[in-house]
Amino acid sequence: MPSGSTATDHDSLPKVPTLPSMKKRRSSVRELHDLLESESVPGRCLFPTLPLELLAEILIQANSPRDVLSVARTSKLLCSTLVCNPAADFIWRTIRKNCLPHALPDPTPNFSEAAYAAFVYDGGSCDVCKKDTKEFYASFATRIRLCRDSRCKKNISKHLMDVTTIFKGHARDEIWIPYVESTHCFDPNLDKAWPDNITILMRKSEWEHFRADYAAFSALSPPPSEGLRKACTNQIAKFPKVMELAVALQKWKCTYATMHRTVKTKNETWAKALAAREGWNEHDLLNSQSYGSLHRHKNYVLEEVTLRDFLPIKPLVEAQLLKMETHRQNKENEASYRQRRDDVEQYYNRLRSAGTVVPSLYEFRKLSVMTTMQGSVTGSRPNSSGLAKDMKNSALVAELVAADLKTWMASAREKLSELLGFPKWRSASKTKLHPLDRITARFRCQGCGKVAKRYEKERCLDFAGVCAHECPSDDKKNKKPVDWSVDRFVKDEKASNAVARLLTLVGITDEDANACDTVEILGARIRCLSCEHAFIIMDFPTLIGHSHRHVNMQVAILPKGEGLERAFEAGLSAKLMDMGSKSLKLRSEANYRCRHCVPASESAGAGMNGEGRVSTEESIAKESHAEDLRTGNQERRQRNKKSKLRSMDFNALRSHLKGLHGIDMVSDEDFFAQTPVKWQS
């Protein structure tokens with residue numbers, strides 16, 4: 001039975017697995033799975049996890065401790081492996097003995113191998129201009145670093161002190177802190193190194209500390225302290241070793257600089273020969289991303305570029321050179337295209353100055369002649385240097401442009417003539433004006449409702465203004481103008497009717513070629529009868545803009561000497577709205593009065609006595625002043641300040657016109673200056 005019992009127990013064991021074994025098995029599988037996943041993660045670097053022996057086999061192939069410094073500074077793990085681990089010193093030592101141009105001298109005991117490599121190869125800030133530089137120390141003993149700027153080399157003398165003549169000629173025997181080890185440090189023409197160097201240059205800051213320590217150390221009474229004596233004794237013992245190392249490093253640096261110049265010259269010669277053989281531009285080759293990086297790296301590590309280095313990157317270099325050539329060609333094409341566009345714009349401005357009716361510049365560029373002359377960035381490109389001259393002097397170009405303009409305006413003239421009520425107008429008379437050339441031909445844009453600056457006073461467009469009109473784009477990001485279309489314009493009935501009534505009063509028709517000159521001669525003798533509450537007078541351009549305030553504007557012409565000639569100044573509102581300092585000063589003066597608040601009867605009576613606005617202003621001012629003198633009442637003065645007839649500055653006048661009379665845009669007919677405005681300083 002013991003055997004059966006044993007067999008039974010043995011058979012039952014696999015059915016009852018123990019918990020610890022299952023945990024261990026699951027943990028090992030999970031760890032293996034995580035390890036496989038971590039190895040399959042793209043971008044994961046396993047280089048820091050290499051054993052020190054394999055890491056050493058890789059790094060000792062470098063020819064400079066600078067490369068090991070770069071590797072050690074990539075991660076904390078590599079830093080602790082290569083810098084903080086004494087077992088890795090053999091790597092630094094091996095590379096230091098095999099580096100270029102020859103082995104570095106052995107460091108002094110105060111340096112570790114990694115610290116010594118950083119001392120020799122690391123950059124820092126220039127002691128003169130304080131800018132970062134990758135240059136070696138100019139003086140290793142004093143740790144003075146200079147950048148490549150020649151001005152820093154000249155100005156370093158301000159930071160140094162020559163103590164050669166101090167200590168009665170025994171300075172070399174008395175000084176125990178490091179000083180400039182060689183005259184070659186700051187003057188390449190001199191080459192006297194310690195201990196043969198008779199010139200002793202020290203930092204001014206170090207000299208002040210040394211002089212104090214020297215005085216205390218050399219004093220007999222009281223004797224120097226134990227700490228000072230021990231510190232100075234240690235410095236005296238270390239001084240020869242420090243200076244010997246500095247002199248050796250200075251010689252090594254000179255050899256390094258010579259080899260660097262030699263390698264750089266050879267690599268540039270090799271690149272020039274390569275460019276000539278392949279038919280490339282040498283400058284492009286050296287500035288290409290791939291070959292330029294290879295060229296600079298080889299100069300940096302003092303190695304010559306070989307064909308073996310170049311062949312793997314040749315296809316990439318050729319592609320980059322082709323890209324650079326394409327970019328340069330595109331840049332030249334864009335500059336040429338930009339110049340041609342500028343020439344077209346100058347030609348356009350000359351046509352406008354000559355009084356030619358032209359479309360907007362955006363539409364003018366679309367003319368067939370202009371399109372051919374401008375060309376395109378990628379297409380045909382006329383000679384940019386002679387384009388401006390040809391457009392200015394060529395009669396053929398002038399004829400072609402005139403023909404294109406006539407074709408462009410033909411459909412516009414026909415459509416606009418229909419809007420004026422003259423479809424397909426023809427006349428054999430040479431004295432009658434075309435309907436579009438008459439002063440009653442006024443239009444407005446129903447797309448944007450805006451006008452150019454030259455039409456701000458009239459607030460509508462004539463035929464030339466219609467052609468040159470540009471509707472701004474609604475898209476703030478795309479400021480390209482909206483394509484011009486004659487269908488956007490409608491007849492300005494208010495302006496046209498007001499001008500027609502004025503011509504009826506004058507006794508001429510709009511067909512007369514002298515109609516424009518006739519209405520301009522009227523000056524400011526045109527009165528608006530629709531403004532019944534005030535005596536509003538204006539000139540002809542102001543009449544056109546003022547007509548938009550009334551549904552059916554009625555006008556009258558005043559006899560000569562009856563209007564307030566001096567009260568109306570054309571262009572005064574535009575000058576006051578200017579952003580200049582003179583306009584700002586004039587706007588702040590309380591010199592302007594609202595014409596709408598002056599009763600029509602009072603203004604007319606003042607005008608009929610021949611004194612114009614002066615009599616009205618003087619009478620109001622005298623009455624107000626006399627009343628103040630009689631009463632002396634402060635409340636009455638306060639009421640006068642709130643009076644409609646008071647003088648106010650221009651900004652207050654604008655608020656007054658908008659709030660009381662509903663006039664948003666101030667015009668010349670809405671106010672007058674109490675005293676003449678002097679624009680000249």
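Being three residues apart in helix α10 (residues 204–218), Trp207 and Phe210 are separated by about one helical turn. Trp207 and Phe210 form a tilted aromatic pair, 6.0 Å centre to centre with 40 degrees between the planes. The model is predicted, so local features need pLDDT of at least 70 and side-chain atom pairs count only at pLDDT 80 or more, while totals for chains, interfaces and linings use all residues. Residues are numbered from 1 along each chain as its sequence is written, and side-chain values use heavy atoms, with hydrogens and water left out. Helices (H or I, at least four residues) and strands (E, at least two) are DSSP runs, numbered from the N terminus.

**Aromatic pairs**

- The structure holds 23 aromatic pairs; rings of Phe, Tyr and Trp (its six-membered ring) pair if their centres lie within 6.5 Å, and planes under 30 degrees apart count as stacked, over 60 as edge-to-face and the rest as tilted.
- Trp207 is buried at 3% relative accessibility, and Phe210 is buried at 3% (buried means under 20% relative accessible area, exposed over 50%, partly exposed in between, with a 1.4 Å probe and protein chains only).
- Tyr592 and Phe671 form an edge-to-face pair, with 6.1 Å centre to centre and 80 degrees between the planes.
- This pair links distant parts of the chain, 79 residues apart: Tyr592 belongs to strand β12 (residues 592–594) and Phe671 to strand β13 (residues 671–673).
- Both Tyr592 and Phe671 are buried.
- A cluster linked by ring pairs consists of Phe111, Tyr116, Phe119, Tyr137 and Phe140.

**Salt bridges**

- The structure holds 22 salt bridges, each defined by a side-chain nitrogen of Lys or Arg within 4 Å of a carboxyl oxygen of Asp or Glu.
- In helix α15 (residues 314–353), Arg328 and Glu325 lie three residues apart, about one turn of the helix, and their side chains meet in a salt bridge (2.7 Å, N to O).
- Arg328 is partly exposed, with a relative accessible area of 30%, as is Glu325, at 38%.
- Glu345 forms a salt bridge with Arg365, the closest N and O atoms being 3.9 Å apart.
- Glu345 lies in helix α15 and Arg365 in the loop between α16 (361–364) and α17 (368–374), so this pair ties together parts that are 20 residues apart in sequence.
- Glu345 is partly exposed at 31% relative accessibility, whereas Arg365 is buried at 12%.
- Glu511 and Arg438 meet through their side chains in a salt bridge (3.7 Å, N to O).
- Glu511 lies in the loop between α21 and α22 (515–521) and Arg438 in the loop between α19 (395–420) and β7 (443–445), so the pair ties together parts that are 73 residues apart in sequence.
- Glu511 is partly exposed at 27% relative accessibility, whereas Arg438 is buried at 5%.

**Helix α6**

- Ile91, Trp92, Ile95 and Arg96 are the buried residues of helix α6 (residues 89–98).
- Seen down the axis of α6, these residues fall within an arc of 125 degrees, so they line one face of the helix; the arc is that of the directions from the helix axis to the C-beta atoms.

**Sheet β10-β9-β11**

- Three strands form an open sheet in the order β10-β9-β11, with antiparallel pairing; two strands pair if DSSP finds at least two bridges between them.
- β10 (537–538) and β11 (555–557) stand at the edges, each with a single partner strand, so one side of each is left without a neighbour in the sheet.
- Strand β9 (residues 526–528) pairs with β10 in the antiparallel sense over two bridges, and Arg527 stands opposite Ile537 in β10.
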